[in-house]
Amino acid sequence: MDLHLHSTVSDGTDAPAALMAAAKAAGLDAVALTDHDTFDGLEQGRAAASALGLEFLAGVEMSAEVGGHSVHLLGYGCRVDDPALAGELDAVRDGRFGRLPRLLRRLAELGMPLTEADVAVFAEDASSLGRPHVADAMVAKGYVRDRDEAFGRWLADDKPGYVPRYATPLVRAIELVRGASGVAVLAHPWSKRGRHDLSERYLRELAREHGLDGIEVDHPDHLPAERAILRGLVDELRLVATGSSDYHGTGKKAGYALGACLTDPDMYRRLVELIGARGGVVG
Ligand code: AMP
Ligand code: ZN
Ligand code: FE
Ligand code: FE
């Protein structure tokens, strides 16, 4: 079971139905679609998965922040019509579109002019506009070879082309997911090499005081030693541990292939039971 996948509805390169077919072909038995800040791919994904006999879990990956640092929160089984959560996702998506002119001005200053139309070509199906779409436009203009180089030289949080945008305070994001009957799992908490913005102490606080339900322990960006520490925390705090590839199609390198990291079936069952107990969306 691979519980963190992106489609063209955000910054993946497979449309939801094609993504489900690829997941089936990769031998997966259960998947979650977790596009950034939108539920828009879920209906298509669910229908395609059902036709393929693939178990489907509705998800979303929320853009959140702690002390100005970007972190991601996975929400599983959320009721999509919850007004508070839907309203917040709207605000975050607005922030993504609102950032674009500023980002393009910055890139022009850096000698890489692009128009909004240049970017739109790569975001045709996207409800959530992201830096990866800008990266694709940079590739098309010949400024960089691929998304990786675009982030590595220009777009990553500590590079000259970085322009901030609105994200939900993490504690609020957890509240919103739970308020929508969903289960809140912190995505790849230690994905930034050598920089742990989230301390073990803070992870304990999130679980004990703010209702965090789980941690994505197995993720391609986590080193074995980091996974071991996170697994220890999950045991201590009785959280759900997930493992997932964070697949983005051809938008990320081979390490993020479908099934590159997997969730333990017992943990998956606990996750689904928890959603059911809260009155969230299962199947
Ligand atoms: P944004 O959503 O606009 O903040 O852009 C961040 C997203 O870009 C992340 O959630 C990843 O999905 C993606 N990303 C980050 N680093 C890279 C990279 N080196 N190559 C491709 N995609 C990346
Ligand atoms: Zn992404
Ligand atoms: Fe993420
Ligand atoms: Fe992701």
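Me: What do the buried residues of α6 pack against?
Reply: This is a predicted model, in which local features need pLDDT of at least 70 and side-chain atom pairs count only at pLDDT 80 or more, while totals for chains, interfaces and linings use all residues. Residues are numbered from 1 along each chain, ligands are numbered from 1 in the order written, and side-chain values use heavy atoms without hydrogens or water. Taking buried as under 20% relative accessible area with a 1.4 Å probe, protein chains only, helices (H or I, at least four residues) and strands (E, at least two) as DSSP runs, and contact as heavy atoms within 4.5 Å, the buried residues of α6 pack against α3 (83-109) and α5 (131-140).

Me: Within what arc do the buried residues of α6 fall?
Reply: In α6 (residues 147-155), R147, E149, A150, W154 and L155 are buried. Judged by directions from the helix axis to the C-beta atoms, they line one face of the helix, because they fall within an arc of 155°.

Me: How far apart in sequence are the parts that H72 and H188 tie together?
Reply: Counting as donors N, O and S atoms within 2.8 Å of the metal (3.2 Å for Na, K and Ca), with water absent so that sites may look incomplete, the iron ion (ligand 3) has E61 (OE), H72 (ND1) and H188 (NE2), lying 2.1 Å from it. Both H72 and H188 are buried. Since H72 lies in strand β4 (residues 69-76) and H188 in the loop between β6 (183-186) and α8 (200-210), the pair ties together parts separated in sequence by 116 residues.

Technical notes
Buried means under 20% relative accessible area, exposed over 50%, partly exposed in between (1.4 Å probe, protein chains only).
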